[in-house]
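Subject: Structure handover

Hello,

Here is the structure we talked about. My notes on it follow below.

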Amino acid sequence: MKGPVQIADKTWWVGVNDRTTDLFEALWPLDRGISYNSYMVADDKVAVIDGVKADFYPQYVENLKAILGPDKTVDYMIVNHVEPDHSGAVEVMVQAFPDITVVGNDKTLKFLTQFYGPLPKSLEVKDGDVLDLGDHKLTFALIPMVHWPETMASYDTSTKALFSCDAFGSFGALDGGVFDDQLELDSYRDETYRYYANIVGKYSSFVMKALNKIRDMKLDIAIVCPSHGPVYRKDPDYIIDFYEKMARNETDRAVLVVYGSMYGNTARLAEAVAEGVHSGGITDVTVRNSATADLSELVRDLWRCRGLILVGCSYNGGVFPKIKHFMDIVEGKKVSGRFVGICGSYTWSKGAAMKPMRAFAEQSCWTKVEPEVEVLSRPDRKDLEEAHKLGANMAEAVSKA
């Protein structure tokens, strides 16, 4: 980015792009990078809303001073969320602007001191409180567990801009533009799914509470300003509706097949399953090799797909480790409401792969699709026909739901 970008009256985007970090939270690949969106409202009083990751301090302060000039200072730093990819700027802001007041709710201020030590000046705000900057007035709404307990949003009644922090965010650096009408949103859709499913998805019930709270407050939202990804000024409802779909666990008429195969025999079952899904009229089917697929993409695909078929070989008295890891992650993300089918293979340990997959598939949050398919060593024609039948049954279940 070339520096600050004005997004509304007296309001600027002052964030940065990060194309150097390999893993977000040291877990999730950032092949397309990520943006850290920070905002400044420069009225009679100047407020900065959220910050950037510590690595980008020099560029960040340069962006701020490009707007402030030699005569102004930053009066307030509003921390909607304490995670260090946003609050990391607190330390440098206190140094660069000694009279700054850090603004947050009671949990925010507590967490900040845990990370950065005592704050020279702070202001605690509560749900519905208003910070008067002049013509611009910021109203605060607490939205806990989206996705930390201190999370809140800030709303400018003058510009009707909602500063939502991680809510409505996305992976992916901002390629040239900042706004939804400057970017190809379809190219960000998968990254928004991947961000939501892996970062926010576990807390979907709290996302719904936050969405309902925003509606109850009857906010007229003209601009959605998240802390990652595009700023939505042309169609703010696009991202609000998208997040609501994901929070409701609404799915597409689609099936994900995830397999683990050491020597290719179990992989043949996965191919037969996929062919069965197609034969049942579902063309949106994705086959993923758990050994090579990125875990965050598997979680993303599952969040979108209505059906899941696990195909795993036995390994050390259990199921193939990558399949086991995927199941553990999915349980931790609290994905629910999917149709699930299972296939397995063994040579001397009958049931070793099937037992953990069966326990996964028979949880109350899933609907299991039959038949179970278990193969001895190498699938024969009858085994492949059974796998094909499972795929066809899955297609029928997904289509009727």
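Tyr193 counts as buried, at 3% relative accessibility. Buried means under 20% relative accessible area, exposed means over 50%, and partly exposed lies in between, with a 1.4 Å probe and protein chains only.

Some ground rules before the rest. This is a predicted model, where local features need pLDDT of at least 70, side-chain atom pairs count only at pLDDT 80 or more, and totals for chains, interfaces and linings use all residues. Residues are numbered from 1 along each chain as its sequence is written, and side-chain values use heavy atoms, with hydrogens and water left out.

Aromatic rings

Rings of Phe, Tyr and Trp (its six-membered ring) pair if their centres lie within 6.5 Å; planes under 30 degrees apart count as stacked, over 60 as edge-to-face, and the rest as tilted. By this rule there are 15 aromatic pairs. One of them joins Tyr193 and Phe242. Their centres are 5.1 Å apart and their planes stand at 80°, which is edge-to-face. Tyr193 belongs to helix H5 (residues 185–200) and Phe242 to helix H7, so the pair ties together parts that are 49 residues apart in sequence. Helices (H or I, at least four residues) and strands (E, at least two) are DSSP runs, numbered from the N terminus. Phe242 is also buried, at 3% relative accessibility. Phe168, Tyr196, Tyr243 and Trp303 form one aromatic cluster.

Charges over rings

A charge sits over a ring if NZ of Lys or CZ of Arg is within 6 Å of the ring centre and within 35 degrees of the ring normal. Arg233 lies over the face of Phe179, 3.6 Å from the ring centre. Arg32 has its charged end over the ring of Tyr188, 4.7 Å from the centre.

Salt bridges

The count is 26 salt bridges. The criterion is a side-chain nitrogen of Lys or Arg within 4 Å of a carboxyl oxygen of Asp or Glu.

- Arg215 and Glu244: the closest N and O atoms are 2.4 Å apart. Arg215 lies in helix H6 (residues 204–216) and Glu244 in helix H7 (residues 236–247), so this bridge ties together parts that are 29 residues apart in sequence. Arg215 is partly exposed at 39% relative accessibility, whereas Glu244 is buried at 12%.
- Lys324 and Asp328: the closest N and O atoms are 2.9 Å apart. Both residues lie in helix H10 (residues 321–333), 4 residues apart, about one turn of the helix. Lys324 is partly exposed at 36% relative accessibility. Asp328 is partly exposed at 36%.
- Lys400 and Glu396: the N to O distance is 2.9 Å. They are 4 residues apart in helix H12 (residues 381–400), about one helical turn. Lys400 is exposed at 67% relative accessibility, while Glu396 is partly exposed at 41%.

His86

Is His86 buried or exposed? It is buried, with a relative accessible area of 1%. His86 lies in helix H2 (residues 84–87). Its side chain makes a polar contact of 2.8 Å with the side chain of Asp166. A polar contact is a pair of N or O atoms within 3.5 Å; within protein, one must be able to donate a hydrogen and the other to accept it, and residues adjacent in sequence count only if both atoms are side-chain atoms. Leaving aside neighbours within four places in sequence, His86 is in contact (heavy atoms within 4.5 Å) with residues including Asp50, Met77, His81, Cys165, Ser227 and His228.

Strand E19

Strand E19 (residues 305–315) is mostly covered, with 10 of its 11 residues buried. Two strands pair if DSSP finds at least two bridges between them. E19 pairs in the parallel sense with strand E17 (residues 252–260), over 7 bridges. It also pairs in the parallel sense with strand E21 (residues 338–346), over 7 bridges. Ile309 in E19 is the bridge partner of Val257, and the bridge partner of Ile309 in E21 is Gly341. Strand E20 (residues 318–319) runs antiparallel to E19, joined by 2 bridges. There, Ser314 stands opposite Val319. The hairpin of E19 and E20 has 2 residues between the strands, and Asn316 takes a positive phi near 50° in it.

Best regards
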